[in-house]
Structure formats: C-alpha cells, structure tokens
Amino acid sequence: MEDNRILGVSWPLFFVLAAIMCVAVYLEVLPIGLIGAFLLMLVVGEFLNFAGNRIPIINTYFGGGAVVAIFGGAALVYFKLLPETTKNLIDTFMKTGEGKMGFLDFYISALITGSILGMNRKLLIKAAVRYLPAILGGVVASLALVSIGGMFCGYTPGEAMAYIGIPIMGGGMGAGAVPISEIFSSALNVDTEEIMSKLVPAVALGNALAIVAGGLLNRLGQAKPEWTGNGQLMRSTDDEIKAENREVVLKPGEYATGIVLATAFFTLGAIIAFAMKKVGINIHTYAWMIISVAVIKAINILPEKYTDAAAGWYAFIAKNFTPLLLVGIGVSYTSLQQIIEHFSLVYLFLVALVVLGAILGSAIVGKLVGFYPIEAAITAGLCMANMGGTGDVAVLTAANRMELMPFAQISSRLGGAFIILLASILVPLFFG
C-alpha cells in the first residue's frame, strides 16, 4: 500500500466506497453473502490497518495495524455501532457450520498449503523433529510461573494453573476451552457453563496479550538482530536448508491451481480427521492437513509448478485479505465485554506470567535445539498462548512473520491437543 493510496485506490475514491458501505449498513440493505461481507470488511479492515500502522507507539511496540483491526472490530460490537444483521453477516462469513461460509478456514488453508509447499524441503524435515521440545519448554515455564505467581495473589498453585494457565495454553476456544471445560465438569461435577465462565476470560485476555507480545518481539528482533532469523525458524550456516525468499509471480490461470490445492488439502485433512475420530482419535482437521502437506513436501512428489502455484496463492491472500480477516476476528471472536468484566491488575498479572513463561521457555529451549529464540518464542510460545487459528493469524501479523504459519498451527493444534491430555491428568490430581 502506497502512502497516498489505500486498497489500491486514491483517498477520495476510498471515501466514496466507504460512504456507499456506511449507507448500506445503516439502512440495513448491505447485500447478504460474499458481496456485502467483502465490501464491509475490506473497507473497515484496510482503514483500521492503515491507521494502526501509523499511530505512534502502537505501530512500534504493540503490533500496529493488526492489533487496531482486531480490537477496532471488537469495539464496533461492544459499542453497538454495527446493526445486529451486519454482525450476523460477518459471523456467517467467518465461521463454519450449517449455512456458514467459513472464510477463516479458507484463509488458513491457503496459508498452510502455500507456506509448507513453498518451504525449503530440507529445512522442513530438520525443523520438524526439533519443534516439540520447544513447545514443551513454553508449556512447562508458563505453568510453573503462573503457579508460583498465584501463591502470592490469593490462588493455590492448582487453581492458578487450572483456571488461568491451562486454558490460555489450550489452543483457543472450540479446540481448547470447550473440551477443557468438559474435563473440569466431569472431574468436579460442576456445570460446564460455570467452568466456561472462568476459562473464557483467561483465553480472551491471554490472546490479547499474545498479540501485543508478537509486536514487541518483532521490535526486539530489530534491536537484537542476532536473536532473530527474520522469519526463518532454524539457525544454520548450511545454505541448503535456509528458508527460500524468492518471489513467486503467477499467471492468472495459476491462481486456480493454488486455490484447488489449498481446498483439496483441507478436505483431505477433514477426511482423515473423520476417519480417525471413528477409532477414538480426536485431532483437529488443521493438524491432519499440516501432516498431509508436510508429507507430500517431504517426499517431493509435486512438481515445482504446483508448489509455486500454492505459494503464490498464499502470498496473494495474505497480502490482500489479512486486514479483512483481522477485523472479522475482532467482530466474531473477540469479546471486549468478557475482557472488561474480568479485568483486574492481579488477573492481568497472572495472565501476563503465562504469556511470559511461554515466551521464555520456548525461546530458551528453542535456542538449545537450534532455532532462533524470537521465532521459537513466537511460534512455539505465543501460538500456544493465543486463541487458536484466529490468534495465530493475529500474532504472526503483529510479529510480521506470516511465513511461520505451519509451525504456528502445529502449536495451536497438536500442542493444544497435548494440553487437553495434560488437563485430563492434572485436574483430578489437584481437585479430585
């Protein structure tokens, strides 16, 4: 985006487009479906992103446009500036389920497929086997810090770990807080809704702090360049396994190849998830998708023209639709009401300890296994502490490291599954 242009158009034309959108919203005649959703979210998302990237301090230390787009979207709901029909339109556009479009899944499928297929094959193989220790380092440090901090804030170590640490590190809402609340409900014989009321604020506030921390880590990397690979996870002097940064330029027809590969791999992940659930293995579609794409890349059976198409489509959608997605995350997934209701300095301190522990543990262990500390802290740390797939997009955008999406999704999905298993062990121990 040039300084004198937004969405590729001049400012006077942009304001004309924005006026059309605003009139349609407040007359409640915004077209239902893709047309209305794209117009509204592109205009609002790009404007908030543009503003956030130019607000002093916010743009330097707190993630810039990504943070402003998310919390700006959440503020539109909190202050009731969006008619209910418009909020429902965005919910339908963003989420999955009967009658819904699931743009979030569409976006993430493009990022996972394109970023893995566009990755250096040797780098993928070498980094994958070292990644789990970095995740475990972040989990152990975060739970340890919040347990110790809780003792000084009126919590028992078990309460601080169970109600703050575990839900934050659990992989978001649907794949994290919901199954964790069911584990609590079963172990404690308490209604799931009552447990959820305690877990959701931790997840929401942890996600907010993780996004801010992503921006701060990006700033730290600029101040300490020896700590970062600038989007490359693994340290190496071997040029053969360094990340490839070549720009892929597609012909118009090749975008269709990228789209069909991304959507086909997502569908393959859904098929595997369905089959595995039949035998008692309940792991998210994203995780099976990552594994499938990684295996195809590792055995190197797709010709380069196809991997380039997937990488090019990923670059297109990340460049053009990220602000749109971020404002959708704010409207549909971020509740300012929940954050405000449960906000206190003590609670904020304990949530911050979880996020700090995730950063420090994953950075230290990551460095020991051959990763750059900042990239390890962002992916194995913050992408465990955020709100799943939506949080991954927000954190990586704030950190300016969207190419790390495959590792972020490993944290959110496989790491989140590990936390659910851990909760099923620890809750009976502490509360049984």
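## The big picture

Helices here are DSSP runs of H or I with at least four residues, and strands are runs of E with at least two, both numbered from the N terminus. Counted that way, the protein has 18 helices and 2 strands. Keep in mind that this is a predicted model.

The chain's 432 residues can be sorted by accessibility, and 53% of them count as buried. As for contacts, take those with a separation of 6 or more: 77% of them come from residues 24 or more positions apart.

Helix H7 covers residues 121–151, which makes 31 residues.

The bend is about 35° and is centred on Ala128.

## H5 and its two partners

Some background first: a pair of packed helices is described by the angle between their axes and by the distance between those axes.

Start with helix H5 (residues 84–94) and H13. These two pack at an angle of about 115°, and their axes are 9 Å apart. That makes H5 roughly perpendicular to H13, since the range for that label is 65 to 115 degrees. The crossing is left-handed. On the H5 side, the residues involved are Lys87, Ile90, Asp91, Phe93 and Met94; they meet a set in H13 that includes Leu324, Leu325, Gly328 and Tyr333.

Next comes helix H2 (residues 34–52). Its axis and that of H5 come within 10 Å and cross at roughly 100°, which makes H2 roughly perpendicular to H5. In H2, Leu34, Gly36, Ala37, Phe38, Leu40 and Met41 take part, and in H5 they meet Thr86, Leu89, Ile90, Phe93 and Met94.

## Two asparagines with positive phi

Now for a couple of loop residues. Asn230 sits in the loop between helix H10 (192–223) and helix H11 (254–278). Its phi is near 50°, a positive value in a residue that isn't glycine. Is Asn230 buried or exposed? Its relative accessibility is 59%, so Asn230 counts as exposed, the cut-off being over 50%.

Asn300 is in the loop between helix H12 (285–299) and helix H13 (304–333). Asn300 isn't a glycine either, yet its phi is positive, at about 60°.

Key:
Residues are numbered from 1 along each chain as its sequence is written. This is a predicted model: local features need pLDDT of at least 70, side-chain atom pairs count only at pLDDT 80 or more; totals for chains, interfaces and linings use all residues. Side-chain values use heavy atoms; hydrogens and water are left out. The expected span of a helix is 1.5 Å times one less than its number of residues. The bend at a residue is the angle between axes fitted to the seven residues ending there and the seven starting there. Buried means under 20% relative accessible area, exposed over 50%, partly exposed in between (1.4 Å probe, protein chains only). Axes are lines fitted to C-alpha atoms, for helices over the stretch in contact, and angles run from 0 to 180 degrees between N-to-C directions. Angles under 35 degrees count as roughly parallel, over 145 as roughly antiparallel, 65 to 115 as roughly perpendicular and the rest as oblique. A crossing is left-handed if the near helix is turned anticlockwise from the far one by less than a right angle, and right-handed if clockwise. Contact means heavy atoms within 4.5 Å.
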